[in-house]
Amino acid sequence: MSSSPLSKKRRLSGSETKTGSHCSSSNSVRTELPYTPSNGMAKNGSDAEIDEGLYSRQLYVLGHEAMKRMQTSNVLISGLRGLGVEIAKNVILAGVKSVTLHDQGIAEWRDLSSQFYLREADLGKNRADVSQTRLAELNSYVPVVSYTGTLTNDYLNQFQAVVLTNSSLEEQQRVGEYCHSKNIKLIIADTRGLFGQLFCDFGEDMVVFDPNGEEPLSAMISMITKDSAGVVTCLDEARHGFESGDSVTFTEVQGMTDLNGCQPIEIKALGPYTFSICDTTSFSDYVRGGIVTQVKIPKKISFKSLSSSLTEPEFILTDFAKFDRPGQLHVGFQALHAFEKKNSRPPKPWNKADAEELVALAGEVNSSQTGSAKQEQLDEALIKKLASVSAGDLAPVNAFIGGLAAQEVMKACTGKFMPIMQWLYFDALECLPETEELMPTEEEAAPRNCRYDGQCAVFGTALQELLFKQRYFLVGAGAIGCELLKNFAMMGLAGGEGEIIVTDMDTIEKSNLNRQFLFRPWDVTKMKSDTAAAAVKHMNPSVRITGHQNRVGPETERVYDDDFFESLNGVANALDNVDARMYMDRRCVYYRKPLLESGTLGTKGNVQVVIPFVTESYSSSQDPPEKSIPICTLKNFPNAIEHTLQWARDEFEGLFKQPAENAMQYLTDPKFMERTLKLPGAQPLEVLEAVYKSLVTDCPRNWEECVTWARHHWQCQYSNNIRQLLHNFPPDQLTSSGAPFWSGPKRCPHPLEFDTSNELHMDYVMAGANLLAMSYGMPVSRDRANVVRILQELKVPTFTPKSGVKIHVSDQELQNSNASVGNSDDCRLEELKTLLPAAESASKFKLCAIEFEKDDDTNFHMDFIVAASNSRAENYDIAPADRHKSKLIAGKIIPAIATTTAAVVGLVCLELLKVVQKHKKLDSFKNGFMNLALPFFAYSEPIAAPKHKYYEIDWTLWDRFEVKGMQPRGEEMTLREFLDYFKNEHKLEITMLSQGVSMLYSFFMPAAKLKERLDLPMTEIVTKVSKKKLGKHVKALVFELCCNDETDEDVEVPYVRYTIR
């Protein structure tokens, strides 16, 4: 593991601090970073451009307008314990104008259980001052200052949003009243052990511009009636997705043109394909066509002040199974404030007298309520649990509430997404031991002046000892991986004899810095796993952690072998693709290890916990596959920008990647021709034509030829092919039923005329020529004027559409034509074999396949995609997409934001606490889904592992047959002995036996082959059939069985783990 790359950069000398110009107290400190960021990031300015390289993934969540509004917001965060630092971290990463950290308290031992920017050496120092230097490194665009004075009204005036954590009820009410009167947005956040509280007051005139953040829906129209409430029917290709109350507008309607460009109309949904609009009786008759598009209408929301909300609260439910909890906790938290005011301390952990006192105080608070806050009956057991754990400070709860609170800050600053109205309460009591007798005692939970005091106050020391010994495998060190590592470090996971192994084969990129908060600008290009491991060692030096750079998969099973997995206590996935998740899931099922699974998509997040012998596995249920775009839609009939962008991506692969790959394989691989000729349908001809083009007809000798090729290709795609399409299907073409051919989803195109003064046309030629040059190892050129000169001297052949050219209208037509390869294809194949240059001439070619890379703005990749897609969009009169949107769709970028990641990982780590304690009840565990934009939360107990049966034996995916390959006589079991074993021991007759994709035995196997195999050892049959040697790391093989029972009925049975070593 590398030494810390952060240690050198974190030296911030006291001489570089200065008083912030806007501060009313000399107790205000600001630190300038003593370096110029290597990635070119500059300091924030009032009208600074948005750095798309840094904020790209977040921009896809918030959008440019919301981001600009956020960049004008000054935010105050009061209280820099674990919750405060979590909120500050997320808000700074988000990119507000400035953040002021306020705290008058000093660092104590109990803070270290969740305050990841405090060290043991900081004990006794002001929390805000110490945290400021470390938080300032997160985003050089956001000035971060600390302030240790009092929060006077004058001081509050400079902020657009104020966050209070770790504050008394009196201070909350004082600040709350002032902020409400001055329209300063207020968020109050609090965590007490396993409990959390969040309150929002964004004033009486809060405007929400976009309540859900989803892309506006659109649909194609097939009919509009003339009626007092006109009914719009959409094409039945897909459901329209609109809801009653949505507003829409219309374009491209023929006939009833009164609707085109109209003011937004409110609709009423009538069904999946129909909705009603306004009175259309006075409009012209509808003829055909039209697109209806949803319009987001800004919505005004009024918030009550804190004092009003205390008596008449509105609650957001976080768990529908606990619908009565918010009201109880609303009283309970007020009782906690009363307890602290009376005793100048929180209730002692697990102290019965303090718990009784809190119950009594809760009774008094409840009796004094006059509004809807009054509870009919208090849940005394719940209030006692609140008292018992309220002195605790847990990193996962702070991560969850801190993620939510930071998202509310962003809503307050931007008007993007629906705010929490107005109270949210949360608890995770399922993390406590499953039986009362295992609850910690007061003595076990008492503070010991150690960094885990805040955690021990909730769980006692026994759990801490277990956490120290854990050996965990973390797969991925991206956004979720960084958050998991931070929580692991705070919790003390592997803080003793255990170990965290984190693997990630990626290097750090600039776009990662916006949410992968363990990385800094100077870490760009370093390995993620090593850098993350070094960063968390700073947070908690006692954590034992090792970084690997391996991809998980069959190719690394020599590293992550039986010994490795058997030594683990569990696995946490932090992956970004389903295939890797499913692979790790299979490994965890095989080795019977718990798996913590999570994922995010913008403001949406989910958590799944997989427990051996208790729950189903990750792979037990799957999302439906993504809907693919029909090939004929892409080739000839696009109707949406998504179609033209996918077409452009296919162009990129088909011009600059696949031909070079195939050509180099042809030149260097003797078996390439043999393999190619075995491909189905027209593929052999397509591949060899492309190789011939790459090596002969399209092979450029200089830059001028690259430009010529790009210009000719533009002519072919945007003029000639369109003219041929219109020759086959003229604009007035009718179908066999008499309907216009160019209607519904088919948009009638028009050819383009090339113009050197058209930026888009020139962008295409510049990008295409440079990419071709790169693929042939030639130098690139950015001299646009030179390219214009070359183009002006270029003669482009005139094109005449041909008769007899077949253009397929549907994918079925295309498949049928591919199935019938004619004699002319065979003749051309034979001709190509003679025309292609000999493989011996390989040395004169320097072809290089270009891998698409969306995040490098200098490599011409996105230049080509944007120009190719928007030119095709112009052909078909489709609205173009800017570079930002094009990158999202063509690059298949997953929108991401730090707030969702923090909240999701908080929930993951709460499940980890249950796993480490070996909870066994299914209802102790929680799978979770959230959408912070709405906001919406849903928890459910995991689905139990489905049960199967043979004879009277129940089994699940966690069960298997254990068979020892080595017999007592010292020889390995033969196939005959294996079959007999199952017949005698389990009364099962094996009808088929396989290992991976290799069939080892079947009842219909030829007699000679069966006779040959029956007396061979099992491993010998495996190596013979699979043609692969068994590695020395392989201790056991997995066999799949098909069996009949004694009644000759087919029965489903578990797999076999066949031990060979």
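The structure is a predicted model, in which local features need pLDDT of at least 70 and side-chain atom pairs count only at pLDDT 80 or more, while totals for chains, interfaces and linings use all residues. Residues are numbered from 1 along each chain as its sequence is written, and side-chain values use heavy atoms, with hydrogens and water left out.

I begin with a pair of helices. Helices here are DSSP runs of H or I with at least four residues, strands are runs of E with at least two, and both are numbered from the N terminus. Helix 14, residues 479-491, packs against helix 15, residues 528-539, at an angle of about 30 degrees, and their axes are 9 Å apart. Helix 14 is therefore roughly parallel to helix 15, a term for angles under 35 degrees. The axes are lines fitted to C-alpha atoms over the stretch in contact, and the angles run from 0 to 180 degrees between N-to-C directions.

Ala494 lies in the loop between helix 14 and strand 21, residues 499-503. Is Ala494 buried or exposed? Its relative accessible area is 0%, so Ala494 is buried. Buried means under 20% relative accessible area, exposed means over 50%, and partly exposed is in between, using a 1.4 Å probe and protein chains only. Ala494 and Arg544 are 50 residues apart in sequence, yet their C-alpha atoms are 5.7 Å apart in space.

Glu252, in the loop between strand 12 (247-251) and strand 13 (265-266), has a positive phi of about 60 degrees although it is not a glycine. Glu252 counts as partly exposed, because its relative accessibility is 40%. Ser344, which is not a glycine either, has a positive phi of about 55 degrees. Ser344 sits in the loop between helix 8 (325-343) and helix 9 (352-368), and it is exposed, with a relative accessible area of 68%.

Finally, I come to Pro935 and its neighbours. Pro935 is in the loop between strand 26 (927-931) and strand 27, and the peptide bond from Leu934 to Pro935 is cis, with omega near -20 degrees. Phe936 belongs to strand 27, residues 936-940, and counts as partly exposed at 33% relative accessibility. Which residues form a nonpolar patch on the surface? They are Phe320, Phe929, Leu934 and Phe936, with about 360 Å² of accessible area together. Such a patch joins nonpolar side chains (Val, Leu, Ile, Met, Phe, Trp, Tyr) within 5 Å, from residues with over 30% relative accessible area and no salt bridge. A salt bridge is a side-chain nitrogen of Lys or Arg within 4 Å of a carboxyl oxygen of Asp or Glu. Accessible areas come from the Shrake-Rupley method with a 1.4 Å probe, and for residues only the protein chains shown count as cover.

How values were computed:
Patches are made of residues with over 30% relative accessible area and no salt bridge: like charges are joined within 9 Å, nonpolar side chains (Val, Leu, Ile, Met, Phe, Trp, Tyr) within 5 Å. Angles under 35 degrees count as roughly parallel, over 145 as roughly antiparallel, 65 to 115 as roughly perpendicular and the rest as oblique.
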